[in-house]
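This briefing goes through one protein model, topic by topic. Keep the sequence and the 3D view open while reading.

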Amino acid sequence: MQSAQRVALVAFPGIRAFDVAVITEVWGTDRTDRGVPRFTLHRHGADRAPVAMPGGLTLTPDQDLEALKGFGPSDLVVVPGVDEHLAPVPEPVLAALRSAHGAGVPVAALCGGAFVLAQAGLLDGRRAVTHWNLTGLLARSHPGVQVVPDALFVEDGGVWTAAGVAAGIDLCLHLVRTAHGAEAAATIARSMVTAPFRTGTQAQFVDQPTPCSDREADALAAVRERALRHLSEPLTVADLAGWAGMSPRSFARHFTATTGTTPVQWLLDQRIAAAQKLLERTGLPMPEVARRCGFGSEVTMRQHFAARLATSPRDYRRAFRSAGA
């Protein structure tokens, strides 16, 4: 039996309860009866004393930081966000994070946790993101960080950072998707009743709709639903705009304002997600997978997989095809 992926939640005073809850919900709930791989989630602290969190809550670690020395590249270390972004983080925590990353363990931080990784020196010379309202503070307090102003999550050199609140959920699901496939991430997302697939390059927030544009948002939602039913067809922005009764330019503008991404990018994201599911669930030939997902050819699908997932469709299938498919 394959060993469970070990996930470490790094606990220290001041971490946010919401982020702790997200990490626990994603990796601390047993969903093996629904085909999700086994995870082993532990809370690692400098000692076993209860850790104070904002709001009067506490979290009791069940492992010390020394246990992280046994982690490897297939495991994961996750840092919750903090509210006091410039407060000094205990040196044992920073040293443990540097040691884990030096051993090749992926390290991820949610929201304000980027400031923790920056204090540890893990973001020097690397791209990173945090909540949109904190990007200026991160850039000023840690000038060696290449702050990305508008993204949900980014990765650079094995270090992951995420924007605020809900983007932490997106990153956690993406980390599951990367390690265990799209079906596992989608199953967890369904359990959490959250969106199963938002790309890291999507904008952190979208324009607030006015009463007049609410009707347009409804029309755009209907267009997205219709597009998902016709992914095998060579859809264009003009096609989608026609379904919404708009000009292509107006449609593209409203679509981006509503979703945070362009129609072309959204279509590509959905095609890749659909291909991932078919590759995991079925033994369909590659040309048929490409046709059903609207890539037109296996070559085109392979190019997009290489650009987005840094792998090929065949290698993806070998890695994530369900044993019972």
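Gly112 sits in the loop that links strand E7 (107-109) to helix H3 (113-119). The model is a predicted one. The points below begin with this glycine, then turn to the sheet, the helices on it, the cores, the cysteines and a few backbone angles.

**Gly112 and its surroundings**
- Gly112 has a relative accessibility of 0%, so it counts as buried.
- Which residues does Gly112 contact, leaving aside its neighbours within four places in sequence? They are Gly81, Val82, His85 and Thr130.
- For Thr130, the separation from Gly112 is 18 residues in sequence, while the C-alpha atoms of the two are 6.1 Å apart in space.

**The sheet**
- An open sheet is built from 7 strands with mixed pairing, and their order is E5-E2-E1-E6-E7-E11-E10.
- Strand E5 (63-64) and strand E10 (153-156) are the edges of the sheet; each has a single partner strand, so one side of each has no neighbour in the sheet.
- Strand E1 (residues 5-10) and strand E6 (residues 76-79) run parallel and are joined by 3 bridges.
- Within this pair, Val7 has Leu76 of E6 as its bridge partner.
- E10 and E11, by contrast, run antiparallel, with 4 bridges between them.
- Here Val154 lies opposite Thr161 in E11.
- In a regular strand, side chains alternate between the two faces of the sheet.

**Helices on the sheet**
- E1 and E6, joined by 3 bridges, are also among the strands touched by helix H2 (residues 91-102), which packs on the sheet.
- H2 touches E7 and strand E11 (159-162) as well, and its direction makes about 145 degrees with that of E6.
- Helix H5 (residues 166-180) also packs on the sheet, where it touches E1, strand E2 (39-45), E6, E7, E10 and E11.
- The direction of H5 makes about 145 degrees with that of E11.

**Nonpolar cores**
- In soluble globular proteins, nonpolar side chains tend to be buried together.
- How many residues does the largest nonpolar core have? It has 71, and those with the most contacts inside it are Phe12, Ile15, Trp27, Val77, Leu97 and Leu117.
- H5 gives the largest share of this core, 7 residues.
- Ile15, leaving aside neighbours within four places in sequence, has contacts that include Leu9, Val10, Ala52, Met53 and Leu59.
- Gly81 and Val82 are among the contacts of Ile15, and they are also among those of Gly112.
- Another core, of 16 residues, lies apart from the largest one and includes Cys293, Phe295, Met301 and Phe305.

**Cysteines**
- A disulfide is a covalent bond between the sulfur atoms of two cysteines.
- The structure holds 0 disulfides.
- Cys172 is in no disulfide, and the nearest cysteine sulfur, that of Cys111, is 12 Å away.
- Is Cys172 buried or exposed? Cys172 is buried, because its relative accessible area is 0%.
- Cys293 is at 1% relative accessibility and therefore counts as buried.

**Positive phi angles**
- Most residues other than glycine have a negative phi.
- The hairpin of E10 and E11 has 2 residues between the strands, and in it Gly157 takes a positive phi near 65 degrees.
- Val165 is not a glycine, yet it has a positive phi of about 50 degrees.
- Val165 belongs to the loop between E11 and H5, and with a relative accessible area of 37% it is partly exposed.
- Val193, also not a glycine, has a positive phi of about 55 degrees.
- Val193 belongs to the loop between helix H6 (182-192) and helix H7 (211-229), and its relative accessible area of 75% makes it exposed.

Terms used
Residues numbered from 1 in each chain as written. Predicted model: local features only at pLDDT ≥ 70, side-chain atom pairs only at ≥ 80, totals over all residues. Heavy atoms only, no water. Buried < 20%, exposed > 50% of the residue type's maximum accessible area, 1.4 Å probe, protein only. Contact = heavy atoms within 4.5 Å. Pairing = 2+ DSSP bridges. Axes fitted to C-alpha atoms, helices over the stretch in contact; angles between N-to-C directions. Disulfide = S-S within 2.5 Å. Core = buried A, V, L, I, M, F, W, Y, C linked by side-chain atoms within 4.5 Å.
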